[in-house]
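Here are my notes for you on this protein. Have the model open while you read, and click on each residue as it comes up.

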Amino acid sequence: MKRKITLKQIARELEVSISTVSKALKDSNEISKDTKQKIQAFAKLYNYRPNNIALSLKNRRTKNIGVIIPDIVHYFFTTVFRGIEKYANARGYNVIVCVSDESYDKEVVNMELLANGSIDGFIMSISAGTQQKNDFHHLREVMDQGFPLVLFDRVIDGIECDKVVMNDEEIAYEATCKFLEEGKKKVALVTTESYFNVSEKRAEGYRRALIEQGAHYDPKLTLVVPFRGGEESCIEAFFVEEEFDAVLCVNEVFAVQVMGIAQEKGYRVPEDISVIGFTNGLLSRYSSPTLTTIAQHGERMGEVAAEMLIEKLENEIGFEEEETYRTEIIEATLIERNSTGKKK
């Protein structure tokens with residue numbers, strides 16, 4: 001789609017001041033009739049829609065970037081934020097961070113707060129509540145107001161904006177194949193609800209690896225842990241109900257819990273049960289045994305997201321040019337530690 005025309009662009013095309021354009025569109029008596037008619041006709045021709053926030057700021061830049069993350073405690077999101085701040089600061093931008101706490105309502109409030117003159121653009125990862133509700137009107141509203149938006153990790157296919165994602169399906173496929181190369185026969189998956197788009201992609205990589213490698217795919221070996229707690233009791237029940245010799249977990253918290261419960265029940269890790277988790281955080285490095293993990297390279301993801309946003313902010317395209325968006329893919333890395341064995 002074409003980028004929306006701005007006051008600044010109308011002023012440049014008609015060789016008048018931004019203030020003159022603003023007053024003409026408000027039908028001010030300070031502007032001559034001919035000038036008003038010319039500006040209003042031009043604005044109508046190019047489907048200009050007033051942006052009250054932009055008007056109040058008079059097109060000035062704040063040099064601030066708004067970042068909204070779902071969880072401040074999660075190691076991955078802290079590393080992404082570190083990458084955003086590192087790149088933005090080097091380019092002379094400040095970063096204002098808000099935490100949605102996985103809440104749709106809080107995410108909307110955060111966006112409204114930041115859009116009220118505080119920032120020039122957004123970088124964000126969608127909250128669980130927003131994905132569950134499947135309501136993204138607040139994202140479209142800020143983009144309609146002229147704010148560039150970059151989504152990372154948890155992204156929405158239906159929103160046209162720049163995105164930074166990881167090769168979730170491919171790396172889950174690789175991790176599952178590692179289990180099979182060890183000689184494991186019953187590989188389980190501990191995941192979250194399918195509305196988490198990254199979890200669904202990881203589940204697809206898991207399924208595809210088992211099927212393509214000729215292993216048996218059993219839907220009963222997929223444990224879907226409910227959002228908002230209760231994972232430990234679910235995992236304990238899973239051990240009672242099912243038999244497996246390897247587990248792929250969509251985050252490192254699940255993986256460490258799986259290892260702990262397995263050891264409590266007398267299983268040896270990795271001899272009896274091998275475990276791999278996503279996110280190469282402190283839990284992975286200091287668990288016993290140390291956890292084989294998938295490094296998501298959050299800091300690099302943050303740097304790329306900040307670069308994409310600042311590029312949009314500093315390279316404004318003309319209103320007759322097509323707005324283009326791109327998706328950058330960060331390649332994850334499988335880091336082998338002691339929770340998995342050797343190939344057979």
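The points below go from the whole chain down to single residues.

1. Ground rules. What you see is a predicted model, where local features need pLDDT of at least 70 and side-chain atom pairs count only at pLDDT 80 or more, while totals for chains, interfaces and linings use all residues. Residues are numbered from 1 along each chain as its sequence is written, and side-chain values use heavy atoms, with hydrogens and water left out.

2. The overall picture. The protein has 14 helices and 12 strands; these are DSSP runs numbered from the N terminus, with at least four residues (H or I) for a helix and at least two (E) for a strand. Its C-alpha atoms fill a box of roughly 85 × 35 × 30 Å along the principal axes. Of the 344 residues, 52% count as buried. Buried means under 20% relative accessible area, exposed means over 50%, and partly exposed is in between (1.4 Å probe, protein chains only). Now for contacts, meaning heavy atoms within 4.5 Å: among those between residues at least 6 apart in sequence, 74% join residues at least 24 apart.

3. The cores. A nonpolar core is a set of buried Ala, Val, Leu, Ile, Met, Phe, Trp, Tyr and Cys residues joined through side-chain atoms within 4.5 Å. The largest one here has 64 residues, and Ile-123, Phe-152, Val-164, Leu-248 and Val-275 have the most contacts inside it. Helix H14 (residues 298-314) gives the largest share of this core, eight residues. Another core, of 21 residues, lies apart from it and includes Ile-68, Phe-122, Phe-136 and Leu-151.

4. Leu-248 up close. Which residues is Leu-248 in contact with, leaving aside its neighbours within four places in sequence? The partners of Leu-248 are Ala-172, Ala-175, Thr-176, Phe-179, Ala-188, Leu-189, Val-190, Tyr-206, Ile-276 and Phe-278.

5. Ile-65. This residue is in strand E1 (residues 64-69). Ile-65 counts as buried because its relative accessible area is 0%. Leaving aside neighbours within four places in sequence, its contacts include Ala-88, Tyr-93, Val-95, Ile-119, Ile-123 and Leu-309. Try the distance tool on Ile-65 and Ser-118: they are 53 residues apart in sequence and 8.4 Å apart in space, C-alpha to C-alpha.

6. H8 and its buried residues. In helix H8 (residues 137-144), the buried residues are His-138, Leu-139, Val-142 and Met-143. They cover an arc of only 135° around the axis, so they sit on the same side of H8; the arc is that of the directions from the helix axis to the C-beta atoms. Here is the background: an α-helix has 3.6 residues a turn, so residues three or four places apart point the same way. The buried residues of H8 pack against helix H6 (104-115), strand E3 (121-124), helix H7 (128-133) and strand E4 (149-152). Just after H8, Gly-146 takes a positive phi of about 100°.

7. H1 meets H2. Helix H1 (residues 7-14) has Leu-7, Gln-9, Ile-10, Ala-11 and Leu-14 buried. The axes of H1 and helix H2 (residues 18-25) come within 8 Å and cross at roughly 110°. Axes are lines fitted to C-alpha atoms, for helices over the stretch in contact, and angles run from 0 to 180 degrees between N-to-C directions. H1 and H2 are therefore roughly perpendicular to each other. The cut-offs: under 35 degrees is roughly parallel, over 145 roughly antiparallel, 65 to 115 roughly perpendicular, and the rest oblique. At the meeting point, Leu-7, Lys-8, Ile-10 and Ala-11 of H1 touch Ile-18, Val-21, Ser-22 and Leu-25 of H2. Just after H1, Glu-15 has a positive phi of about 55°.

8. H11 meets H12. Helix H11 (residues 231-241) packs against helix H12 (residues 252-264) at an angle of about 50°, with the axes 10 Å apart. That angle makes H11 oblique to H12. Residues in the contact include Ile-235 and Phe-239 of H11, and Phe-254, Val-258 and Ile-261 of H12.

9. Ser-284. Look for this one in helix H13 (residues 282-286). Why does Ser-284 count as buried? Because its relative accessibility is 0%. Not counting residues up to four places away in sequence, Ser-284 touches Glu-252, Thr-279, Thr-290, Leu-291, Thr-293 and Arg-337.
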